[in-house]
Amino acid sequence: MSKSLDDILSEYFQPEKLKAAFEAYERQKTDFLQQGEPKVQMGVDGISYQTFKKELDLRCQLLSNRLLKGTYQFYTFRQIEKNKPSGGKRILSIATIRDVIVQKVLYDAIYHEIEKDFQVTPILDKVSCAYRKGKSAPYAASLIHHYIKQGFIFALDADIVKFFDRLSHEYLFRIIESKFGQDTLTSKLLKRFIKAGGLPYKNQDGQIYGYRFFHLHKPILNNQRIIRTQGIPQGGVLSGMLANLYLHEFDCWVINDLSKKYPLRYVRYADDFIILLKQKEFIPLVHQEVAQKLQDIKLELHPDESKTKYVDITQDFLEFVGFQFTLDHIKVKPANILRYHERIIKKINKEPSYKTGEIPKRRFRFFIKYVINRKVTGRGERICDVCGGVLGERVKSWMGFFAVITDIQQIRELDKLIRKEVSQHFYKKYKLRLKKSDFKKAGLISLEQEYYRLRKRKSCSCEKSNCSSNQIDGSNAVHDRDVRQTLCCKFIWNFVEKMFKKLFAL
């Protein structure tokens, strides 16, 4: 197995594959609402997006040579501090552009091999919902809602203490070697990624390093570099894959052993997980066994009751991955409603800077069409020319994420708030009085409209018919597009051929 996987890596590490990965990353970082270059972060090597793109062919060739020879080393990560939605701080690791590309290509190359373990049984396949294709936070929310409907109404809402920062290297290396072999190219690259150090976001005087500081000074200093003896860099695609690999034994234990003692349902999203039970008295017993099992794999269940808590869904709501659950409905977590409202206000505050003329009504129509509507619909979708279905996964938008909710009253209230905020702005700024009919004439797409549209949308049947072949060869997005175009051409040709036969038969 390991030899064939290294052969696969040699195919993925060709310059054209690396170049395609960069171009995909470039598209991912492009803000479709604003003109300008992609927002690509700079790593500690000080190489900017502009420089890397200008020398793309040469850099991809050099990367390919080092990867194939087995001499590639990951750079030190630039660390930044971010606020958690739930409170507190999170340290994220910003990789250099070249390391981002290598991570993405390595992820694609070994993804199907790792998925084999996660898909051993249909039950196990449903458990891990983060960092996997076809799985997501909305998918996890749908599962939890389904289990609550089945009567699993008592929850252990668990959280692991500083999971990404405390993963045992010894334990993780043992998993990697067991899965990929001891001296394979895959194992070597994964271990180097795990051991890559970090550079603090502040210097010794407490001064925060700015974005351009690395371009000018490149401060990779031995006395500031953090040597990583536990944990993994948080923020890249490989981090999530390794996290799932680390917790796979725990997943199997819950499904195969713990569930035999207590009737339960289990859903995990990264290091946060929910265990649902039908009997309230089982929660402390499950809590105790889970805590012990996590200790066996060098992890700790959070002792804080605000982090690891018992929830009786008949008396209180359950919150998980941005959603709120009651006995009857999936809702949007109120904090996410507030956050979206704040984002809309930021867009409204920018309205005076748009150069759309002096006429208030024209400014209003432009703002609705090109700002509010685009905020509601997100990046949009690609539609198949043959069957009319949607290509790819869910739309990248706030409503696309929360389209699985079952109670839309929050959405209606949020629509009212948006209209109110826009009305107040245009009256205060331009003395323009707006009615609900004015929003309709301007073509406002409400969140409620988008919700129902997303619920009714159909996936591309052409893409589904070809999914098995995509899984076998692990092709990239460029190949997928070529295959779809071929299928579309075949469909059209067959249709034309049938029409000719009918005409000649007449």
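A nonpolar core is a set of buried Ala, Val, Leu, Ile, Met, Phe, Trp, Tyr and Cys residues joined through side-chain atoms within 4.5 Å.

**Entry: the core.** The largest one has 132 residues, and Ile110, Phe250, Phe273, Ile275, Val290 and Trp398 touch the most other members. In soluble globular proteins, nonpolar side chains tend to be buried together. I then listed the contacts of isoleucine 110, leaving aside its neighbours within four places in sequence: they are Leu5, Leu9, Phe180, Thr186, Leu190 and Met241.

**Entry: confidence.** I checked the pLDDT next. The protein averages 85, and 83% of the residues score at least 70. Over residues 465–487 the value falls below 50, although this stretch has 19 contacts in the model beyond near neighbours in sequence. Residues 502–506 also stay under 50, and for them I found zero contacts beyond four places in sequence. Where pLDDT is low, the predicted coordinates should not be read in detail.

**Entry: a hairpin.** I followed strand E5 (residues 264–269) into strand E6 (residues 272–277); the two run antiparallel and are joined by six bridges. Leucine 264 stands opposite leucine 277 of E6. Two residues lie between the strands of this hairpin, and alanine 270 in the turn has a positive phi of about 60°.

**Entry: aromatic pairs.** A search of the whole structure gave me 27 aromatic pairs. In one of them, phenylalanine 163 and phenylalanine 164 have ring centres 5.2 Å apart and planes at 80°, so I recorded the pair as edge-to-face. The angle is over 60 degrees, which is the cut-off for that class. Phenylalanine 163 is buried, at 1% relative accessibility, and phenylalanine 164 is buried at 5%.

I also noted phenylalanine 426 and tyrosine 430, whose ring centres are 5.6 Å apart; their planes stand at 40°, so this pair is tilted. Both residues belong to helix H17, and because they are four residues apart, about one helical turn separates them. Phenylalanine 426 counts as buried, with 0% relative accessibility.

Entry: Where does aspartate 407 lie? I placed aspartate 407 in the loop between helix H16 (398–401) and helix H17 (409–430). The side chain of aspartate 407 reaches the backbone nitrogen of glutamine 409 at 3.1 Å. Leaving aside neighbours within four places in sequence, I found aspartate 407 in contact with His329, Ile330 and Lys331.

Definitions and conventions. Residues numbered from 1 in each chain as written. Heavy atoms only, no water. Polar contact = N/O pair within 3.5 Å; in protein donor to acceptor, adjacent residues only side chain to side chain. Contact = heavy atoms within 4.5 Å. Buried < 20%, exposed > 50% of the residue type's maximum accessible area, 1.4 Å probe, protein only. Pairing = 2+ DSSP bridges. pLDDT = per-residue confidence, 0-100. Phe/Tyr/Trp six-rings, centres within 6.5 Å; stacked < 30°, edge-to-face > 60°.
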